[in-house]
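Please walk me through this structure in plain terms. I would like to know where some of its residues sit and what they pair with.

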Amino acid sequence: MTTILRASPRRFVSTPAVERVALRALRYLQSGFSVHLRGQAGTGKTTLALHLADLLSRPLMLIFGDDEFKTSDLIGNQSGYTRRKVIDNFIHSVVKVEDELRQNWVDSRLTLACREGFTLVYDEFNRSRPEVNNVLLSALEEKLLVLPPSNNKSEYIRVHPQFRAIFTSNPKEYCGVHDTQDALMDRLITIDMPEPDELTQQEILVQKVEIDRPAAALIVSIIHAFRLQTDTDKSSGLRSALFIAKVCQEHQIDISVDNPEFRDVCQDILLSRANLPLDAANRLLWAVFEEFVVAEGEAIDEEIYMLVPLTGPNESLEPDLAELEELPESEGLPEPQLEAPTAVTEEPIAPIPMLTDSTLTPPSEAELAASEVEAAPEAAPDDLLPPPHLPHEQAVYSYLRQSHSARVSEIEKALGINRFEAVNAIRTLSHKKLVTERGDRIHLTAT
């Protein structure tokens, strides 16, 4: 039995850098081409592939590459037998027996996706042997899937026009990865997935793990500095950051370089990913910790310096009480020397209003509420979305206020936007509980 999935990645983090890659890939898929996402482990290839499948709004068939794969694991195989036996004894002296034995064919994921027009996500396809993937050549180029000969099925399947394929792969130097035949790579549009920038990684930690931004920035900065020291470039630091942030958030560990528990978590997760002996990697990690301790100390000193008023080089912030006590009582304190008065132009001074009890009495809560109501500007009919919002979010919301419900394709056509922009705006409105999705239509929930 083949299970059909519905692509719906949880809390997909969309930043300008991610949107640029997703928009390019979605254009290629909408034009009928297959997309290949290539990059290091942990750069978000599989998550982006599932997000693209969600934007295509088609059922999903998911395959993971395996060195033990055979072609039958992609297209299907004979499974079991069906036996049919007929005994004819219409004439008591004559017995006729018919016995038929037939094999059963079961479609696999690739065959079902090609026949029904589903989206195929082939994750880490270069972990399968190259000869296994040869069956993809005709399906991607000639739009014809060739099956092994059999008596009870067709040997050719016409690929559905809405069939799309998204491939992901790791670099060739990774363990367990095979070289891919040039004929297959020539049929794919390859997009190299770089290491997410630090701002994107911070945003992912904030939205997925729900930690504050200073803590996310500290985790990302420590991992980035450690990877530079150890020259670790075969994997992404994003997955390590997610591990550290999730453990600290769930177990209430203070994310600070001064906290021994936080340092222990960083050691357990980072040292095993370094390309150096354990002792050398440990020394480099502690050097990174010391750098951040010094940086935090300098930041605190600078903050205190900005708060303290400036004094002269020999002046103190408080009077020296010991010197005052040593002065003889007869001498007392020196008389202040007054300078000669200078001519000053007199100007009329406005009288200072006298403070009364009514002036010092704070206003009541009813008076404050009344003043806020009077001061608040009247909201415009379309000004219902809390800022900030996406560029097309207000337009989609205004269109739904007029139509009350619409399909995604109707919104794209009416507003002149692409699928990527429409889905992002609808997802944001859904998080704000302004719209709901029922079946294939988007309905307005707030007026």
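A residue is called exposed when its relative accessible area is over 50%, and buried when that area is under 20%; anything in between is partly exposed. The model discussed here is predicted.

Val95 is found in the loop between strand 3 (76-88) and strand 4 (96-107). Together with Ile87 and Val97, Val95 makes a nonpolar surface patch of about 290 Å².

With a relative accessible area of 8%, Thr15 is buried. Thr15 is located in the segment before helix 1 (16-30). Its side chain and that of Thr200 are joined by a polar contact of 3.3 Å. Once neighbours within four places in sequence are set aside, Thr15 is in contact with Thr200 and Glu203.

Next come the cysteines. A disulfide is a covalent bond between the sulfur atoms of two cysteines. The count of disulfides in this model is zero. Cys266 is in no disulfide, and the nearest cysteine sulfur, that of Cys248, is 6.6 Å away. Cys266 is buried, at a relative accessible area of 1%. Cys114 is also buried, with 0% relative accessibility.

Charged side chains are the last topic. Side chains of opposite charge can pair when their charged atoms come close. The model has nine salt bridges. One of them joins Lys246 and Glu250, with the closest N and O atoms 2.7 Å apart. Both residues lie in helix 9 (residues 238-250), four residues apart, which is about one turn of the helix. Lys246 is partly exposed at 45% relative accessibility, and Glu250 is partly exposed at 46%.

Another salt bridge is formed by the side chains of Glu393 and Lys432, at 2.8 Å from N to O. Glu393 belongs to helix 15 (residues 393-403) and Lys432 to the loop between helix 17 (419-431) and strand 11 (435-438), so this pair ties together parts that are 39 residues apart in sequence. Glu393 is buried, with a relative accessible area of 0%, whereas Lys432 is partly exposed at 26%.

Glu410 and Arg441 also form a salt bridge, their closest N and O atoms being 4.0 Å apart. Because Glu410 lies in helix 16 (residues 408-415) and Arg441 in strand 12 (residues 441-444), the pair ties together parts that are 31 residues apart in sequence. A network of salt bridges links Arg407, Glu410 and Arg441.

Conventions. Residues numbered from 1 in each chain as written. Predicted model: local features only at pLDDT ≥ 70, side-chain atom pairs only at ≥ 80, totals over all residues. Heavy atoms only, no water. Helix = DSSP H or I, 4+ residues; strand = E, 2+ residues; numbered from the N terminus. Buried < 20%, exposed > 50% of the residue type's maximum accessible area, 1.4 Å probe, protein only. Polar contact = N/O pair within 3.5 Å; in protein donor to acceptor, adjacent residues only side chain to side chain. Contact = heavy atoms within 4.5 Å. Patch = residues over 30% accessible without salt bridge, like charges linked within 9 Å, V, L, I, M, F, W, Y side chains within 5 Å. Areas by Shrake-Rupley, 256 points an atom, 1.4 Å probe, with all protein chains shown as cover. Disulfide = S-S within 2.5 Å.
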